[in-house]
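Keep the viewer open as you read.

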Amino acid sequence: MQDTAVEKQGRQDERLGSAPLGKLIVSMALPAVAAQLINVLYNIVDRIYIGHIPGHGDVALTGVGVTFPIIMLVSAFSAFSGMGGAPLASIELGKKDYEKAEKILGNSAGLIVLFSVLLTFFFSVFKTPILYAFGASEVTIGYAESYIGVYLIGTIFVQIALGLNTFISGQGASKTAMLSVLIGAMINICLDPVFIFLFGMGVKGAALATVISQAVSALWVARFLTSKKSVIKLKVSNMRFEASTVKLIAALGISPFIMQSTESLVSITLNSGLQKYGGDLYVGTMAIMTSVMQLITIPLQGITQGVQPIISYNFGAGNKKRVKSAFLRMLAITFTGMFVFCGIAVVSPGVYAGIFTSNEALTKLTVQVMPTYFLGMTIFGIQSACQATFIALGQAKVSMFIALLRKVILLIPLAIILPKFMGVMGIYRAEPVADVLSVFTTSVLFLITVKKIFKTM
């Protein structure tokens, strides 16, 4: 189907299979890391500004923290569509089947539109009881409702900006993918203090700044994917659902969906437990530690997101050696990064805690519990690399099990059971226990599964 112009554009994705691996990983991963780091600023910057609102910053921060499960669910559905489709499109690019890659892109975009409509309606109607179930109290519910009520207006923008951006990096255009996030983030950072403090809008201002910035990012992404610069084009004709294509996207997308949506379920479990055994101050510590975890893990997810297209493309092209080399280099980076930055949280928690609050009591309690909570995360880089490779290779069933293992099978039951014997500290201790068991299980499964896959290449 490719004409001369598209064949020229194809050189962009062909470098995934031919460029020097070290330089390629850097060129793909660094923009992806920057994009992920910038992306997390949408929520982190909001929380930093909100936490320093004079007089009630600590309560406002706790209220906004309660909305985190809803925000994660919105992101999870974009991951279902985007991360479920982008690796498949990259594999088809490796096979030079551009028509099938465009069909995958179109069906993913159709899913994003459908999910956006349903999510906006559901959470807008039922937000109050949902927020109470997520750990809100009579003191914090007003802030939580104010923030999420505005944020939900921009659901479609969040879905497009996050979900379809993966198709830009998936074709080798990692710098363009980074710019799509950078533009929105810079707008968000500039608008936050104006809306929150200058206009006196408080948490509503923070949410409005996020909506506007995500809208700009979404327009950037859509424009690129419909332009001549894109190797594969977003076309309305391809947005009509094709059962076989949707099935493929869903099979692979369920894993990243579970990874992110269960983050929401974990947040609900932890916040409700902390409210029961501790109170608002303990829920506040989780809002801070969740933000710190984002600061640490999301940039490292940028590494895996940058390397994934390389693995997918070369798997499709049958280049076993290049697949193996890309994985090993990704593993070295993710393990080292998690060990160092989580190590700081264990050894010097005050470095992170002071960023988000000036409240002395909240800072003191966060410093006390953070080392326990982050201890197991020091080795989590191993699981990140293995999980990303399972997805890149199209291993839907194994990646889904791994996604369920840490959070649903281990962490949530532990967070419910341990506090019955250890009090509120049992909730914090559930995290490292789940992390260590999950990393060990994932490592064993990875060695067994990849050995079988390589025999078929």
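A search of the whole structure turns up 13 aromatic pairs, where rings of Phe, Tyr and Trp (its six-membered ring) pair if their centres lie within 6.5 Å, and planes under 30 degrees apart count as stacked, over 60 as edge-to-face and the rest as tilted. Take Phe-390 and Phe-446: their rings sit edge-to-face, 5.4 Å centre to centre with 70° between the planes. Phe-390 belongs to helix H16 (residues 381-392) and Phe-446 to helix H18 (residues 425-456), so this pair ties together parts that are 56 residues apart in sequence. Helices here are DSSP runs of H or I with at least four residues, strands are runs of E with at least two, and both are numbered from the N terminus. Both Phe-390 and Phe-446 are buried; buried means under 20% relative accessible area, exposed over 50%, and partly exposed in between (1.4 Å probe, protein chains only). Rings can also gather in a group, and Phe-77, Phe-80, Phe-115 and Phe-257 form one aromatic cluster.

Before going on, some ground rules: the model is predicted, so local features need pLDDT of at least 70 and side-chain atom pairs count only at pLDDT 80 or more, while totals for chains, interfaces and linings use all residues. Residues are numbered from 1 along each chain as its sequence is written, and side-chain values use heavy atoms, with hydrogens and water left out.

Now for the charges. Side chains of opposite charge can pair when their charged atoms come close. The whole structure holds 4 salt bridges, each defined as a side-chain nitrogen of Lys or Arg within 4 Å of a carboxyl oxygen of Asp or Glu. One of them joins Lys-100 to Glu-92, with the closest N and O atoms 4.0 Å apart. Lys-100 is partly exposed at 38% relative accessible area, whereas Glu-92 is buried at 9%.

Glu-102 forms a salt bridge with Lys-235, and here the closest N and O atoms are 3.2 Å apart. This pair links distant parts of the chain: Glu-102 is in helix H5, while Lys-235 is in the loop between helix H10 (202-225) and helix H11 (243-277), 133 residues apart. Glu-102 is buried, with a relative accessible area of 4%, and Lys-235 is partly exposed, with 34%.

Then there's Arg-406 with Asp-435, whose side chains meet in a salt bridge at 2.7 Å, N to O. Arg-406 lies in helix H17 and Asp-435 in helix H18, so the pair ties together parts that are 29 residues apart in sequence. Arg-406 counts as buried at 6% relative accessibility, and Asp-435 counts as buried at 0%. Salt bridges that share partners join Arg-406, Glu-431 and Asp-435 into one network.

What else does Asp-435 touch, not counting residues up to four places away in sequence? Besides Arg-406, the list has Gly-376, Met-377 and Phe-380, where contact means heavy atoms within 4.5 Å. For a sense of distance, Asp-435 and Ser-137 are 30 Å apart in space, C-alpha to C-alpha, and 298 residues apart in sequence.

Helix H17 (residues 396-422) also carries Lys-407, which is buried with a relative accessible area of 8%. Leaving aside neighbours within four places in sequence, Lys-407 is in contact with several residues, among them Met-259, Gln-260, Glu-263 and Pro-413.

Back in helix H5 (residues 98-133), look up Ser-116. Ser-116 is buried, with a relative accessible area of 2%, and its side chain reaches the backbone oxygen of Ile-112 at 2.8 Å. Apart from neighbours within four places in sequence, Ser-116 is in contact with Thr-155, Ile-156 and Gln-159.

Last stop, the surface. Phe-335, Phe-339, Val-340, Phe-341, Ile-344 and Val-351 form a nonpolar patch with about 510 Å² of accessible area together. Patches are made of residues with over 30% relative accessible area and no salt bridge, with like charges joined within 9 Å and nonpolar side chains (Val, Leu, Ile, Met, Phe, Trp, Tyr) within 5 Å; the areas come from the Shrake-Rupley method with a 1.4 Å probe, and for residues only the protein chains shown count as cover. Helix H13 (residues 320-347) gives the most to this patch, with 5 residues, and Val-351 is found in helix H14 (residues 350-356).

Note on methods: A polar contact is a pair of N or O atoms within 3.5 Å; within protein, one must be able to donate a hydrogen and the other to accept it, and residues adjacent in sequence count only if both atoms are side-chain atoms.
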